[in-house]
Amino acid sequence: MSQSQPGSQPDSPPDSGPPPLDRWEAAYLRFETPEQEIRKFEKRLLRFGARAWPRDLRIVELCCGRGNGLRALERLGFTHVEGVDRSAALLARYQGPARLVEADCRALPFESASRDLVVIHGGLHHLPQIPLDLVRTLDEARRVLRAQGRIALVEPWQTPFLRLVHAVSLRPSLARWWDKLDAFATMTKYEAETYFAWLAAPEAIRAALAERFEPLVCDARWGKLRFLGRARG
Ligand SMILES: C[S@@+](CC[C@H](N)C(=O)[O-])C[C@H]1O[C@@H](n2cnc3c(N)ncnc32)[C@H](O)[C@@H]1O
């Protein structure tokens, strides 16, 4: 685990460039442009009610990847933003004022009751063991949140729309026609084990969330679960 200062990148030798991407990471960068992803995350945060949240909330985004969720938070005016991810290659692609921490979301290097909001955009379905690793991550999120702190997350969810997307994108002849679909199919291929295990466990996931966080928003539409919850005491 390494920590870096605001505006800096994780430690690396001088002039070595960002660490190389693995195949999933390369497809992920192809899936959406940074601008498309930042706008998507901004819209999600606004739908959660972010316009009314105090701008000095201490926010940590888990599984922040290349940092477009951090940039969405910054654009909305939040001033205390941190990102955690285990991939040095993706963290190295972020440029901005947020403090970056290279760490595993199942063991957060933060003091208890030290943050106001935990955000996750599509990181939990990468965890190898569901529900065990989900429970570990949610317990960590609740530990670092102050009393009444909140968690806001969006993850893939098995809905009719997602079934349709899979039916189309998993046919190579069709996916080839659209780069975004092809990137989605490639990501799905390399994350298949954790992704499909996640989609297959909706009850366990909902139970793990509701046990630790009082649901304020919880809906499943267009292939996504949206959950905003307040930490239970
Ligand atoms: C779909 S991406 C999330 C995208 C990200 N929110 C963004 O704005 O770019 C999933 C991320 O989860 C990270 N990840 C997966 N397992 C992790 C773990 N155990 N701890 C921390 N990060 C993890 C991956 O490195 C990847 O960056």
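Author: This is a predicted model. To begin with helix 3 (residues 68-75), this helix is mostly covered, with 6 of its 8 residues buried.

Reader: Which residues of helix 3 are buried?

Author: A residue is buried if 20 or more other C-beta atoms lie within 10 Å of its own. In helix 3, the residues that are buried are N68, G69, L70, R71, A72 and L73.

Reader: What covers the buried residues of helix 3?

Author: Helix 3 is mostly covered. The cover over its buried residues includes one helix segment, helix 2 (34-47), and the strands named next. These are strand 2 (58-62), strand 3 (80-85) and strand 5.

Reader: Which residue with positive phi follows helix 3?

Author: Helix 3 spans residues 68-75. The residue with positive phi that follows the helix has a value near 100°, and it is G77.

Reader: Which residues have the most contacts inside the largest nonpolar core?

Author: The largest nonpolar core has 49 residues. Its largest share, 5 residues, comes from strand 6 (residues 145-156). The residues with the most contacts inside this core are L62 and V118.

Reader: With which residues is L62 in contact, leaving aside its neighbours within four places in sequence?

Author: Contact here requires C-beta atoms within 7 Å. With the neighbours within four places in sequence left aside, the contacts of L62 are V84, C105, V118, I120 and G123.

Reader: Which residues are among those of the other core, apart from the largest?

Author: Another core lies apart from the core of 49 residues. This other core has 5 residues, among them A27, Y28, F184 and M187.

Reader: Why do the buried residues of helix 8 line one face?

Author: In helix 8 (residues 179-190), the residues F184, A185 and M187 are buried. Seen down the helix axis, the buried residues of helix 8 line one face because they fall within an arc of 165°.

Reader: How far does helix 8 reach from its first C-alpha to its last?

Author: Helix 8 has 12 residues, and at 1.5 Å a residue the expected span is 16 Å.

Reader: How far apart in space are H166 and F184, C-alpha to C-alpha?

Author: H166 is found in helix 6 (residues 160-169), and is partly exposed, with 17 other C-beta atoms within 10 Å. F184 is buried in helix 8. H166 and F184 are 18 residues apart in sequence, while their C-alpha separation in space is 9.0 Å.

Reader: Which residues come nearest to the ligand?

Author: There are 18 residues around the ligand. By class, this shell has 5 nonpolar, 8 polar and 5 charged residues. Those that come nearest are C63, G65, S87, G123 and H126.

Notes:
Residues are numbered from 1 along each chain as its sequence is written. This is a predicted model: local features need pLDDT of at least 70, side-chain atom pairs count only at pLDDT 80 or more; totals for chains, interfaces and linings use all residues. Helices (H or I, at least four residues) and strands (E, at least two) are DSSP runs, numbered from the N terminus. The expected span of a helix is 1.5 Å times one less than its number of residues. A residue is buried if 20 or more other C-beta atoms lie within 10 Å of its own, exposed if 12 or fewer, and partly exposed in between; C-beta atoms are placed from the backbone. The arc is that of the directions from the helix axis to the C-beta atoms. A nonpolar core is a set of buried Ala, Val, Leu, Ile, Met, Phe, Trp, Tyr and Cys residues joined through C-beta atoms within 7 Å. Two residues are in contact if their C-beta atoms, placed from the backbone, lie within 7 Å. A residue is near a molecule or strand if its C-beta atom, placed from the backbone, lies within 6 Å of it. Ala, Val, Leu, Ile, Met, Phe, Trp, Tyr, Cys and Pro count as nonpolar, Asp, Glu, Lys and Arg as charged, and the others, Gly among them, as polar.
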